[in-house]
Amino acid sequence: MSITKLPLVALMESIHPMGIELLMKHCELEHMPSAENDEYEKILGKADAVIIRSTLFTEEMMKKAPNLKVIGRHGAGTDNIDLTAAKNLGIKVVTTPQANTASVAEYVITVALMLLKRIPEVSTSLRQGAFSSNAGSLPGQVDRASLTGREANGTRLGLIGAGAIGAAVARLANHLGMHVAAYDPYLDKTKERPFELVDDLDELLSRSDIVSLHVPGGPDSHHLIGRRELEMMPPGAILINAARGELVDQEALISVLESGHLAGAAIDVYATEPPDPNSRLFCAPNLILTPHMAAMTEEALQRMATQVTTQVIQELGQMQSMPR
């Protein structure tokens, strides 16, 4: 009696155990070593599928994997995959486009509220002993009365990009009484939405107390927000970027924070990851920095892992007998 060989899935980075458990029921699983390891290319050469998170997967890597039928992206974006090469080589690419929507939307609202309430500033000030009304007279300390926050109710939130995540942010913001507007030239203007659509990016920037980015990366959106755009925002405004690092000119952002034009910013993504530990970002005032973790909640990681593995298994089941 012949034994059907299970397809081999190469796991480039760790995923939630629920996804691994699902894979092991249907496939042979290999955890990829570092690219410098001799086993790396051997495993890649045998793989029927790969699952990646932030790993760059190039045409060269695809050509080293002659059995490759499917690339599973643990996440929504495909910036790190050469889609043209995959199409030309007949490799299917699957993603988990809405698995992290709620987690990222909650992150955006969380950091917006932290910055409106000036939590980073007041926490630092309190740790330095500033509580009483005369604390500001001590070197390096700030009187708590000078750190008055703002309410979310009535605040103008501007979304650049209003797909699944942007729309989820808008719904949460509406519950807080925020006035939400969005710039997204790809949306159908006749459809009813939980926000106002504006036709001009400059208009959105100039009238928003908080601006949050929700667009994909790529050459067309590189430094979409530069010095000109940042200075167009109202004095005391806030910028949030949990989308792609290259969307914002980091040096320009540092400058407008140092000048006091912006009240604060929150950045979860960087042009180069991990960011240079010597970067001026780490010294910029009123800047919340997080390590690309807006989508990293237990629930979102479970959904991404199970959704990507389910799709990979389905594709291998459909394509296993079809040579490339």
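Me: How many bridges join strand β6 to strand β9, and how do the two strands run?

Reply: Strands of a sheet pair through backbone hydrogen bonds, in either a parallel or an antiparallel manner. Two strands count as paired if DSSP finds at least two bridges between them; strands (E, at least two residues) and helices (H or I, at least four) are DSSP runs, numbered from the N terminus. In this predicted model, β6 (residues 156–160) and β9 (residues 210–213) run parallel and are joined by 4 bridges. Within this pair, Leu 157 has Ile 210 of β9 as its bridge partner. Local features here need pLDDT of at least 70 and side-chain atom pairs count only at pLDDT 80 or more, while totals for chains, interfaces and linings use all residues. Residues are numbered from 1 along each chain as its sequence is written, and side-chain values use heavy atoms, with hydrogens and water left out.

Me: In what order do the strands of the open sheet stand?

Reply: The order is β8-β7-β6-β9-β10-β11-β12, an open sheet of 7 strands with parallel pairing. Because β8 (196–198) and β12 (287–289) each have a single partner strand, they stand at the edges, and one side of each is left without a neighbour in the sheet. On average, neighbouring strands of this sheet are turned by 20 degrees against each other, direction ignored. Axes are lines fitted to C-alpha atoms, for helices over the stretch in contact, and angles run from 0 to 180 degrees between N-to-C directions.

Me: Which strands does helix α7 touch?

Reply: Contact means heavy atoms within 4.5 Å. Helix α7 (residues 164–175) packs on the sheet and touches β6 and β7 (179–183). The direction of α7 makes about 170 degrees with that of β6.

Me: Which residues have the most contacts inside the largest nonpolar core?

Reply: A nonpolar core is a set of buried Ala, Val, Leu, Ile, Met, Phe, Trp, Tyr and Cys residues joined through side-chain atoms within 4.5 Å. Buried means under 20% relative accessible area, exposed over 50%, and partly exposed in between (1.4 Å probe, protein chains only). The largest core has 35 residues, and those with the most contacts inside it are Leu 157, Met 178, Val 180, Phe 195, Ile 210 and Ile 240. Two or more residues each come from α5 (101–116), β6, α7, β7, β10 (237–241) and α11 (298–319), and α5 gives the most, with 9 residues. Leaving out residues up to four places away in sequence, the contacts of Val 180 include Leu 157, Leu 159, Ala 170 and Phe 195. A second, separate core of 29 residues includes Leu 205, Leu 247, Ala 265 and Leu 287.

Me: Which way do the residues of strand β4 point?

Reply: From β4 (residues 70–73), Val 70 and Gly 72 point one way and Ile 71 and Arg 73 the other, and all are buried. The strand runs parallel to β3 (residues 49–52), with 4 bridges between them, and parallel to β5, with 3 bridges. Gly 72 stands opposite Ile 51, and the bridge partner of Gly 72 in β5 is Val 94.

Me: Is Thr 95 buried or exposed?

Reply: Thr 95 is buried, with a relative accessible area of 19%. This residue lies in the loop between β5 (92–94) and α5. Beyond its neighbours within four places in sequence, Thr 95 is in contact with Arg 73, Gly 75, Ala 76, Thr 78 and Gln 311.
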